[in-house]
Amino acid sequence: MRNFLSWLPWVGVVVVAGVIGGVLGVTGVLGHPTSTRTVVTSDASVARTATAYVCPGGAAIDSLDAGDRVLAVERSDDSAYLAVRSPFNLGQLLWFRTGDVTVDSPQAAIATLPVGSCPDVSSILMPPTNQGGGSTPTKPTNPTKPTNPTKPTAPDTTPPTLGTPSFTHGTSSDPVCITYTYDQSRDYSIITVTASDNRGVTGISISWSGPNGATGSHTMTRSGSVWTYKYDPVSETNDGTATFTIQARDAAGNKSAIKKFNIVQNVCID
């Protein structure tokens, strides 16, 4: 019983120490505080919105806005680039062109900062795994031969070829007479021509001049390799020779030689 009573004072001390330790732990006097805040001292600022690089002359990795405060820590050997602590990750360095960063006047000159550069990347040679094992070394596999790039298609420079144009007159037996009946219905001419091309004819234009007037360019209609156009005079006073011009084209814009021919028309009244 005496021995038990002799421990009571020490039990009280332990209890008091536990209470005090808990209070100190909560208030942050002992152990880790409940919250932390990092205060960054800056000695420079970004003069303009600027690109950040991984190292001098390296790849772009970020950017900062004009007025952002930064801490300058290194320079390139030619002082063309300046390294600063990233405001978002103090363990990361961002490299800017020196002209994009303004160092505060009380700070040391840029030339006094330590020189930094891009890290050197060296390959690591792994030792062979079969040393001393007595097994046969594995032969390295032959590298795959690169495939030959596909050659680009040569541009199309070949123009289409036109055959000799021909024409027939509607129902008139006179090949030079475009006949009008008493009710002013009129005859017409069907003009045909063949065309070919190494990659395909895309269109044939036909125009004419003469008694029927210069009516501009028209498009012929295709049926297989034969192209046709229906020429129909619009007035019974169109006597004379009409000169026709035909030219073919392909998808590349190449044009054939021009073919010209004449139709002598005598407008007749029944």
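This report covers the salt bridges, strand pairing and nonpolar cores of one predicted model.

Local features are given where pLDDT is at least 70, side-chain atom pairs count only at pLDDT 80 or more, and totals for chains, interfaces and linings use all residues. Residues are numbered from 1 along each chain as its sequence is written, and side-chain values use heavy atoms, with hydrogens and water left out.

**Salt bridges**

A search of the whole structure finds two salt bridges, a salt bridge being a side-chain nitrogen of Lys or Arg within 4 Å of a carboxyl oxygen of Asp or Glu. R48 and D100 form one of them, with a N to O distance of 2.6 Å. This pair links distant parts of the chain, 52 residues apart: R48 lies in the loop between β1 (44-46) and β2 (50-53), and D100 in the loop between β7 (93-97) and β8. Strands (E, at least two residues) and helices (H or I, at least four residues) are DSSP runs, numbered from the N terminus.

R69 and D104 form a salt bridge, their closest N and O atoms being 2.6 Å apart. Here too distant parts of the chain are linked: R69 belongs to strand β4 (residues 69-70) and D104 to the loop between β8 and β9, 35 residues apart.

Buried means under 20% relative accessible area, exposed over 50%, and partly exposed in between (1.4 Å probe, protein chains only).

| Residue | Relative accessible area | Class |
|---|---|---|
| R48 | 42% | partly exposed |
| D100 | 13% | buried |
| R69 | 38% | partly exposed |
| D104 | 21% | partly exposed |
| S105 | 73% | exposed |

S105 sits in the loop between β8 (101-103) and β9 (161-162). S105 and D43 are 62 residues apart in sequence, while their C-alpha atoms are 8.8 Å apart in space.

**Strand pairing**

Two strands are taken as paired if DSSP finds at least two bridges between them. An open sheet is formed by three strands in the order β4-β1-β8, with antiparallel pairing. Because β4 and β8 each have a single partner strand, they stand at the edges, and one side of each is left without a neighbour in the sheet. β1 and β4 run antiparallel and are joined by two bridges. R69 in β4 is the bridge partner of S45, and R69 also forms the salt bridge with D104.

Strand β13 (residues 201-209) pairs with strand β17 (residues 240-250) in the antiparallel sense over eight bridges. β13 is also joined to strand β14 (residues 218-219) by two bridges, again antiparallel. I206 stands opposite I246 in β17 and opposite H218 in β14.

**Nonpolar cores**

A nonpolar core is a set of buried Ala, Val, Leu, Ile, Met, Phe, Trp, Tyr and Cys residues joined through side-chain atoms within 4.5 Å. The largest has 18 residues, of which I191, I204, M220, F244 and I246 touch the most other members. At least two residues of this core come from each of β12 (189-196), β13, β16 (226-231), β17 and β18 (259-269). Another core, of 14 residues, lies apart from it and includes L82, F96, I110 and L113.

Residues up to four places away in sequence not counted, I246 touches several residues, including L162, P165, I191, V193, I204, I206, M220 and F261; contact means heavy atoms within 4.5 Å.
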